Every structure is written in structure tokens, then in C-alpha cells.
Amino acid sequence: MAFSKAITGIDRSGSFRIYMAVSTSAVQEAHEHHHTSPAVTYLLGRALTGTGLMGLMLREPGYRLSLQFRGDGPVQQILCAADSAGHVKGYPSVPALEIPQKEDGSPDLGALLGNGSVTCIRNAVDLDEPYIGQVKLVSGEIAEDIASYFYTSEQVKTLVDLGVRLDENGDTAAAGGLIVQRLPGADEKAIDALEAWIPDMPSISDLALEATAAADSDPSHIEQIMKLFMEKAFLGMPEEFSVQPLELLNFQWQCDCSEGRLEQILISLGSEELNRMIEEDGQAEMTCQFCEKTYHFDKKQLQRLSMVASVRERG
Ligand SMILES: [Zn+2]
């Protein structure tokens, strides 16, 4: 059963915190909404999983963030957004591309984004001023870029691993991710042990594939499956820094677009532009970029919005 869920954990010495997700169903929904080719599903799936985990790291209710990966490569941009409740959405500018190859013929996923930057915008519902951080893309393969963002922009050493596995039809067989962050007052021995463990780290997409298969045969035990997912990831850590699963969290694809939200965008165009739309087309159509849902506005609705806009313009 394709599912998505997240879990937090901490090592026994309290030196680092872990966020992990199985994001198979969320990545599959992204693929279905945007009809992405395998190459773009790999990239969007990683970005979606990383952004979703970062959303959960915000902890406080009502907080949200977006990550924009923008580069000079053919995919141009991948934009993902998530909130602290585990809702995630995202889209690529160009959804259907082949995997570029290096000179030796090996796949070069990073070339899809090319040279560019990752921008993180973080805000709370009750705050006007968002926090904005931007760093250059390191590899364009997403996980390293997110780790570089944390290190450069937030001065926190962070380990990020993201993986997507596709089946022969290009559907998502499994997707998952892991973020490990050093905690204040960390025991240096724990951090050394963590660094020594990195080369032996099991593949996150293998672990996600195992969890997805386990949920297939036993969908009523997601909590045990997620705990095992975390424990297996950190099996190689020494006993004194072994990892304890803490909290099971929601992780799901969800677009929060609505007619009301798009009405606000139309109003912000101004009464002059709205009147031009009324005269020239007599209606308007808007498509949400995140979920491809189309909203229709008839003449009457546009006239009402134009009135709201002109009242606002008169202040
Ligand atoms: Zn939408």
C-alpha cells in the first residue's frame, strides 16, 4: 500500500535529532498531477520529500515554508511548499524531460537544474515578514543542496538523504527521506560516530521500498513499520548513540488552493485589468500551478471582484 508518513527520533545521548519520511504516495500524487517523466519525478520527488521534512521541522502550528530550486538547466525551476502539519505540494516548470548524461554516458540528474540557487521562504500565518534564505545549488541533486542551505544560511550542520524509486511504468515504487540535525550541547563523540556511520548508511529508497512493501501486506501497522524504518536506517550506530523513535507525524500531498484564494489574486490585479477581462473575454480561467485544478470565473463574479478592487483602490 503506497502511503506517506513521517517519524521523529533522537539518539540516546540527546546529541542529534532525526526526521524521516516515507513519501511514496505523496510523490506518486505529484507525478500524477504533473505527468512528470521519470527524470523529473526523481527530482520533484526528492524536493517534495525534503521540503515536507523541513515543514515538519518548523514544529509550531500555522508555520509554512517554500523551497524554490531554480537553475539554468532544462527543468528551469522546481517549487515546493509545505507546512508544519505535514502537508506538501510542488511542481516543476518543465515536467517531461529525459535524464541528461555526462560525457562518459552516466546519468547526470543534477544537470536538469544546472547552475542556480535554492531559496527558502519561511513564514508564520500571524507574521507579515517572512524569513528568506538563499544559497547556490551545490549539485542540483536536491539533498546536498538542502544540506548546504542549512549549513550556509542557518549555520546548522545537517545530514540530508533523499531517494525515489520508480517502477517500469514510471510510477513511484517508493520514496523517502531523512534529515539529521545536531542539537545544542551535542556530545562530540556522538557526532563523530554519526560521521563515521555515514559511509555505511543504508539506501533510503531501499528502506522506503521495504516499508512500502510491509504496508502492502499489513496496512494496519504503519506505526511499527515506521519505527522499524528508522531503526533499520541507524542499525550501524554504536549502542550508546542508538536511535529512539519518538513521534509519528502526518505527511501527505495536499493542495490548499481554493476559489477564495484565487479571487484574492484576481482582486490584486486591479479593477482596470479586471474590467479589461470582462470586456474582452467576459470570463476568466485560472489554473493552480501546484495541482493543475482549473477555476472558472464568470462575468458576474468578475464584476463583483472588480468592485471590491476599486473600493480597495480608493482606500
Ligand atoms: Zn491547487
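1. Helices α8 and α9 are roughly antiparallel to each other, because their axes cross at roughly 160° and angles over 145 degrees count as roughly antiparallel. The structure discussed here is a predicted model.

2. As to position, α8 covers residues 271-280 and α9 covers residues 299-314. The axes of the two helices come within 8 Å. The crossing of α8 and α9 is left-handed.

3. The residues that bring the pair together can be named on each side. From α8, the contact involves S271, L274, N275, M277 and I278. These meet K299, L302, Q303, L305, S306, A309, S310 and E313 of α9. Sorted by class, the contact of α8 with α9 holds six nonpolar, five polar and two charged residues.

4. At the level of the chain, the domain assignment gives domain 1 as residues 4-253 and domain 2 as residues 259-314. The C-alpha centres of domain 1 and domain 2 are 36 Å apart.

5. Contact between the domains involves five residues of domain 1 and four residues of domain 2. On the side of domain 1 that touches domain 2, the elements giving two or more residues are α1 (24-34) and β5 (87-92). Of these, β5 gives the most, with three residues. By class, the residues on this side of domain 1 are one nonpolar, three polar and one charged.

Methods. Residues numbered from 1 in each chain as written. Predicted model: local features only at pLDDT ≥ 70, side-chain atom pairs only at ≥ 80, totals over all residues. Axes fitted to C-alpha atoms, helices over the stretch in contact; angles between N-to-C directions. Helix = DSSP H or I, 4+ residues; strand = E, 2+ residues; numbered from the N terminus. Parallel < 35°, antiparallel > 145°, perpendicular 65-115°, else oblique. Left-handed = near helix turned anticlockwise from the far one by under 90°. Contact = placed C-beta atoms within 7 Å. Nonpolar A, V, L, I, M, F, W, Y, C, P; charged D, E, K, R; others polar. Domains from an automatic or database assignment.
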